[in-house]
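Open the model in your viewer and follow the stops below. Each one gives a selection and what is there.

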Amino acid sequence: WTSRTARRSYVLRRRRSPVRAVWSARRAHFSPPPHQRRSTMASMTLYTFQGNFRAFKILIAAEYNGVELDIPDFKMGTDNLTPEFLSKSPMGKVPVLETSQGCIFESNAIARFVANIRRDTELTGTSFFESGQVDSWMDWCTHELEIPATMWLYPVLGYMPYNAMATEKARGDLAKALSVLEAYLLDKTYLVGEKITLADIHVATSLIYPFSLLCGPEYRSSFPCVMRWFNTCVNQPEFVAVCGTVTLAEKELVAKGGSAAPAAPAAAAAEEDGKKKKKAKNKNKGDGAAAAQQQPPKEKKKKEKKAKEAGEDAEEKPKKAEKPAHIVALETLDKKARSSMSMDAWKREYSNCVTYDAAMEEFWKMLDREGWSLWKQEYQYNSDNKKLFMTSNLCSGFLQRSGEIRKWAFGTCVITGLAEDAEGGPDMSVSGLWLLRGQEITPMLEANPDAEYHTWTKLEDLDSAETQQLVKDFWTRDVGELIEGRPVLDSKVFK
């Protein structure tokens, strides 16, 4: 009894020990923040080939959650056909995740598994409802986005034969899916909630290859909200760690070589079939055709010429897409009032300069004051700027919507002031300084629907030191430096 009493007393004292409480507090104090913590799970192995876009979402989710994955070298057509691998993946497909408890196949299932390893990162949403929304977008992407994207991409990569009709349909179906995404993102920063989730990771990684290989600037220009969201996602550190820097396509890549050859015989056969039908039709015209053959050759030729002209008039000729009035005005200005300043030459000077001081000195030498004008831009609703990343998205969206007049414009959009996490913040202002062709702001207002929400002030005294310093500040100052006495938080260049 005495020993039992002593043992119970020892246990109670140990539970109440202040040393244990202090140690727990210190451990919590020195614990790293959530985004720096690494998972304590046993190491897992991901089987996939290099560059597999379906593995991107898994690897990015692992980056967000601090999950370490082993990725051995893997060769499709060889390694995936071994009995050992087929026991992991019944269909011999990748990716496959091997864990201490067994294997998981299908990329969406693996991505959800990795995303759910930690709940504090909220990759699957902050609530049960948001988790359902994430699943909705993932399923939508698999069926509505990935299928047309791969049908367009695979012939270019040589994975399947080229078919003109299939490619054209895939291009149209992808545009329909992107239109749905465009409408949804019109007033949203992310697909679910106010932060990146697995939904954003899945959809964005499915668009990396189409946007970097297939969809040229003209194709992408129809989806400014999608591009704003896409650029926000792929520039996150976790995305860059997996996918690197994403470079958007300057022009569409097309299938090359013999893969496009089968379409030619089909077209020739169709043409030959059309000729046969035409001959048969002429043969069955009856007495009218015979009478026509009996006419004198000269008179017959005249009638055939008139009939041909009448037929050409009757056919509806495809109408050319009319250019917007502001583009026509700028092109007319280039023809009738040629400028001594080349915008391309200035953009090259700015991009390749050794120092900005030298670039600005060259700018004032190049500037044609009659052919070009300088405008200061000030956002009218700066009180709405509560979050820095949302304000940065506002600037990115503005630059994207100005793409129509890129040939005649150069400028910067700058955020200055205090961010939301700074003392006295948020106090953020959006402003900019633009070089535009001509002496009016009209082309900007007509090309960019967001321009009306900004106040535009023309800089008149271009020879004054104060004006030239203002232009230099807006075009050359970096984050942390001052513009008009306010620190720069972000700066984006339109060129």
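Start with Thr-416, which is found in strand E6 (residues 409-418). Helices (H or I, at least four residues) and strands (E, at least two) are DSSP runs, numbered from the N terminus. The model is predicted: local features need pLDDT of at least 70, side-chain atom pairs count only at pLDDT 80 or more, and totals for chains, interfaces and linings use all residues. Residues are numbered from 1 along each chain as its sequence is written, and side-chain values use heavy atoms, with hydrogens and water left out.

Thr-416 has 5% relative accessibility, so it counts as buried (under 20% relative accessible area; exposed is over 50%, partly exposed in between; 1.4 Å probe, protein chains only). Show its contacts (heavy atoms within 4.5 Å). Leaving out residues up to four places away in sequence, Thr-416 touches Asp-427, Met-428, Ser-429, Ile-483, Arg-486, Pro-487, Val-488 and Leu-489.

Next, select helix H16 (residues 343-352). Met-343, Trp-346, Lys-347 and Tyr-350 are buried there. They cover an arc of only 100° around the axis, so they lie on the same side of H16; the arc is that of the directions from the helix axis to the C-beta atoms. Arg-348 and Asn-352 are exposed on the other side of H16. What do the buried residues of H16 pack against? Their partners are helix H17 (356-366), strand E5 (372-379), E6, strand E7 (427-437), helix H20 (465-476) and strand E10 (486-494).

Last, select H6 (residues 128-157) and H8 (residues 198-214). Their axes come within 9 Å and cross at roughly 15°.

Note on methods: Axes are lines fitted to C-alpha atoms, for helices over the stretch in contact, and angles run from 0 to 180 degrees between N-to-C directions.
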